[in-house]
Amino acid sequence: MSASTNIQYQKLEKRSRITNLLLRWFLYFVLALFAFYFIFPMYVMLVTSFKTMDEIRQGNLLTLPGQLNIESWAVAWGGRGYGAGDTYLRPYFWNSIKMVVPATFFSTFIGALTGYVLTKWRFKGDSWVFLFLLFGCFIPYQAILLPMARTLGVLGISNSILGLVFVHSIYGIPFTTLFFRNYYVSIPNELIKAARIDGAGFFKIFFKILIPISAPIIVVTVIWQFTQIWNDFLFGATFSFGKAAPIQVALNNMVLSSTSVKEYNVDMASAIIAGFPTLIVYVLAGKYFIRGLTSGAVKG
Amino acid sequence: MLKWLEKNLPKIVLAPSVGLISWFVYGFILWTFYISFTNSKILPKYELWGVGQYVKLWGTRKWLIAVDNLLIFTVLFLVICIVIGVVLAIFLDQKIRAEGVLRTIYLYPMALSFIVTGTAWKWILNPTLGIEKLFVDMGFENFTFDWLVNREMAIYTIVIAGVWQSSGFVMALFLAGLRSIEDEIVKAAKIDGASLFTVYWKILIPMMRPVFFTSFVILVHISIKSYDLIVALTQGGPGISTTMPALFMTQTAFHKSQVGLSAASAMMMFMAVAAVIIPYLYSELRRENVS
Amino acid sequence: MVALSIKELSKNFGSTEVLKKINLDIEEGSFLVLLGPSGCGKSTLLNIIAGLESIDEGAVFIDDYDVSKVEPKDRNIAMVFQSYALYPSMTVRENIIFGLKQAKTPKDKIEKQLEKVSNFLKVDGLLKRKPSQLSGGQRQRVAMGRALVREPRIFLFDEPLSNLDAKLRVEMRHEIKKLYTSLDTTMVYVTHDQIEAMSLASKIAVMNEGIIQQLGDPQEIYDQPNSLFVADFIGSPSMNFINGVLNKNSQSIIFTPNNENNVKLDLSHYNFKSSIEEGLKVVLGLRPEYVSNMQNNDNRNLSKISLKPTIIETTGFDKNVTFDFANTEIIGRFTPNSGVELNKEIDVYFDLSQTSIFDHQTELRL
């Protein structure tokens with residue numbers, strides 16, 4: 001090997017070391033920049049909620065409060081005790097809970113059973129049935145708002161939490177079916193065949209064999225449904241008003257009602273309260289949250 | 001009798017979901033479709049009226065503005081979300097030390113409702129006390145940022161908030177896609193002398209075609225349905241400068257008592273979504289059947 | 001001249017020592033096979049030679065230059081992967097010339113190389129296709145073409161045949177052998193399949209648990225394995241191992257198998273490396289082809305024992321016969337016409353000139 005080739009090798013080594021370092025710094029810089037963009041609103045919300053209105057007017061988005069003023073939080077949650085015209089989040093928070101829990105349960109349960117049938121008890125045309133149901137994930141709900149409003153009226157459950165549970169359970173079915181079907185598809189059919197040979201019937205197989213190994217997908221589905229239903233505004237605003245409203249509707253009403261002075265700190269505290277449950281779920285079970293997003297989407 | 005029950009049990013169990021979806025999805029859409037051809041005002045009338053509502057719709061200024069806004073928003077939303085998503089995914093794929101933390105940060109906005117997002121950004125973009133004041137306090141005395149109340153610029157505030165909410169999702173999709181590629185391809189490219197940039201640009205990104213497709217479909221879908229974010233951020237204002245089809249539909253139905261017109265607008269939205277979703281579902285199912 | 005030299009190479013993954021002070025010199029133009037079970041470190045060693053994996057200790061020299069810190073693309077190497085790793089969104093033509101384009105090779109040179117290689121590997125009809133439109137064997141050839149077109153100093157192969165079915169595997173193995181004989185380039189090949197190793201290699205490095213157990217040419221490793229591990233790994237059916245003790249007297253060294261105190265095998269001819277102590281526990285290794293019914297050979301050291309077959313397997317060429325002996329099962333290869341029958345005692349001849357003796361404790365060849 002000639003000496004000049006040796007030198008070439010050496011030069012290559014040095015250059016790549018420096019460029020690598022520079023690239024690395026650039027990488028971290030860009031990532032940090034975006035991190036700032038994403039954290040910024042949360043920071044602003046938190047900081048603003050703890051300021052007094054004077055501090056807000058005198059300072060700016062980034063300034064910290066002098067002390068942690070929790071008054072706006074108390075007002076956001078429990079109101080001022082004025083009586084009529086005083087909106088606060090507490091009753092609507094519980095409305096949402098009363099709505100989310102049953103709706104999540106029903107849609108998840110039905111989705112599990114449906115996914116089970118479509119993958120383990122196949123029949124001619126079952127792919128079409130799946131497609132038929134899947135389509136429900138994608139429809140713009142504007143196309144069903146009018147008839148649903150009338151139906152709820154006819155059934156006597158319009159403007160009620162029960163009505164919202166009804167609506168969310170139904171429109172959750174396509175999603176929950178998608179999740180369970182995609183999960184059960186990869187469970188070997190031999191498991192079911194062995195159970196049938198052992199004499200187990202339809203429901204026994206479902207409850208005793210499939211459900212025990214469904215923990216991962218149940219978590220993903222429940223988290224997904226919880227998030228979707230808790231965060232819903234369209235159904236809540238269209239099918240309820242006043243006392244039966246869920247929290248996102250209440251939040252919007254509170255923020256929009258500009259009776260006297262705009263209380264930005266109360267607005268921010270309200271927003272955080274409204275967003276808190278789903279945020280906590282995300283922080284604690286983020287892995288499953290992401291799995292739900294990507295598996296549901298990537299698999300179509 | 002019992003035998004028949006046993007044999008058909010699976011289909012019986014399937015019946016409720018199929019029945020519910022048939023009625024509440026397909027049945028309802030058909031109802032709305034029908035009503036869009038009637039002259040319903042406050043209450044639905046069932047005599048067919050022809051395509052009058054559609055004619056009226058496309059002659060309504062508010063609707064045309066809504067559609068125009070939708071196009072602007074969709075294009076910007078799509079392009080920016082995908083660019084940010086791809087860039088962040090590629091950067092995070094570089095064995096970053098704080099990857100877990102960063103991923104959490106980029107994705108958490110998706111856990112929030114659009115109302116919460118809209119409320120937060122409404123405050124940030126507040127014409128006097130928000131970004132404008134921040135920059136003024138930092139020394140840029142003549143800085144103004146009144147996009148939120150500016151007829152021309154308000155639509156872009158919705159883009160900013162929408163991108164903030166959804167780009168993390170695109171990033172998650174692309175990161176999952178990149179990670180699913182076996183590393184032997186990258187090794188081969190390294191031996192072939194490809195620079196890091198070339199590896200991504202010429203090899204990995206072209207392999208991500210399905211993810212681009214999926215992201216495109218989902219983002220367009222989110223965009224067409226945009227309602228919550230608009231209500232929280234601008235209420236369709238100032239005036240009607242940021243109105244969108246979803247807003248139009250709700251307002252004509254419940255505030256203007258124009259059920260027929262509203263139904264027509266809802267069907268337009270439906271057709272727009274169907275135009276994107278149906279080819280997507282078709283190709284996905286074909287791909288699954290082939291493999 | 002020495003084309004590739006590995007000096008005192010160590011590599012850890014976390015707390016696991018994957019490679020332990022490896023030393024290896026490879027002559028130019030030889031075909032080295034890194035053979036071993038999964039987890040022995042062979043793939044890691046290959047990746048380090050390629051520059052795809054970093055080194056913890058030691059160095060790699062290509063043509064006497066220390067390439068330990070040099071990028072893969074500058075090492076003048078090419079690699080064929082187990083999954084072929086063809087670029088899915090490019091055509092066969094683009095796949096093959098990709099490396100040349102990255103090196104900014106002039107267009108006419110690229111065309112010339114492409115033509116040469118695609119004719120040689122018979123992929124010239126496939127140039128416009130995409131990898132997904134190719135069969136397994138075709139993909140293999142395109143992968144080789146991509147490596148070949150860069151005219152590297154060293155070819156690296158990472159278990160390229162593992163994904164192929166048995167018949168195709170033999171076919172592609174021959175193609176690789178033909179490639180080697182026509183090119184004469186240095187090749188380093190990783191596999192866990194000892195048949196592949198034996199048929200392709202000019203030198204085999206048998207690896208286990210991060211160290212090279214033995215380095216030698218195929219026949220040497222087959223006839224004179226220097227450890228129990230190597231002896232067991234090479235050869236199919238594998239070598240018979242009989243535990244026993246060595247006893248010395250003034251004239252000879254006798255091997256007595258455990259549980260068979262009547263049997264005394266004379267090992268006086270055996271070339272022991274050093275003197276052995278009386279009563280040493282050893283393992284006697286004897287390949288099945290030397291446990292047979294044949295007796296008509298001179299200058300061989302045969303011992304005759306009468307045994308009953310427990311299993312007889314016909315291969316067509318011969319019969320693999322299993323016997324219980326010395327508390328273990330041994331296999332012999334009998335001619336088809338030997339008249340061997342289950343449970344009927346037959347004379348079995350042990351060709352002791354072909355044995356390998358291993359220390360029971362150290363497992364090394366004595």
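Y282(A) lies in helix 13 of chain A, which covers residues 264-298; helices (H or I, at least four residues) and strands (E, at least two) are DSSP runs, numbered from the N terminus. The structure is a predicted model, in which local features need pLDDT of at least 70 and side-chain atom pairs count only at pLDDT 80 or more, while totals for chains, interfaces and linings use all residues. Residues are numbered from 1 along each chain as its sequence is written, and chains are lettered from A and ligands numbered from 1 in the order in which they are written.

Y282(A) is buried because 22 other C-beta atoms lie within 10 Å. A residue is termed buried if 20 or more other C-beta atoms lie within 10 Å of its own, exposed if 12 or fewer, and partly exposed in between, with C-beta atoms placed from the backbone. Leaving aside neighbours within four places in sequence, Y282(A) is in contact with F289(A), Y108(B) and A111(B); contact requires that the C-beta atoms of two residues, placed from the backbone, lie within 7 Å. S240(A) is 42 residues from Y282(A) along the chain, and their C-alpha atoms are separated by 27 Å.

Chain A as a whole has 13 helices and zero strands. Of its 300 residues, 45% are buried. Among contacts in chain A between residues at least 6 apart in sequence, 75% join residues at least 24 apart. Within chain A, confidence is lowest in helix 1 (residues 3-49), with a mean of 79, and highest in helix 4 (residues 90-120), at 94.

Helix packing can be followed next. Two packed helices are described by the angle between their axes and the distance between the axes. Here axes are lines fitted to C-alpha atoms, for helices over the stretch in contact, and angles run from 0 to 180 degrees between N-to-C directions. In chain A, helix 7 (residues 161-185) and helix 10 (residues 215-230) have axes that come within 10 Å and cross at roughly 155 degrees. Helix 7 of chain A is therefore roughly antiparallel to helix 10 of chain A; angles under 35 degrees count as roughly parallel, over 145 as roughly antiparallel, 65 to 115 as roughly perpendicular and the rest as oblique. The residues of this contact between helix 7 and helix 10 of chain A divide into eight nonpolar, five polar and no charged. In this classification, Ala, Val, Leu, Ile, Met, Phe, Trp, Tyr, Cys and Pro count as nonpolar, Asp, Glu, Lys and Arg as charged, and the others, Gly among them, as polar.

In chain B, helix 3 (residues 61-92) and helix 7 (residues 154-179) pack at an angle of about 40 degrees, with their axes 6 Å apart. Helix 3 of chain B is therefore oblique to helix 7 of chain B. Their contact comprises 21 nonpolar, five polar and no charged residues.

Chain C comprises eight helices and 21 strands, and 37% of its 366 residues count as buried. Its C-alpha trace spans about 75 × 45 × 35 Å along the principal axes. Where chain C touches chain B, the contact takes 17 residues from chain C and 14 residues from chain B. On the chain C side, strand 6 (77-80) and helix 2 (92-102) are the elements that give two or more residues. The residues on that side are twelve nonpolar, four polar and one charged.

Terms used. pLDDT is the predictor's confidence in each residue, from 0 to 100.
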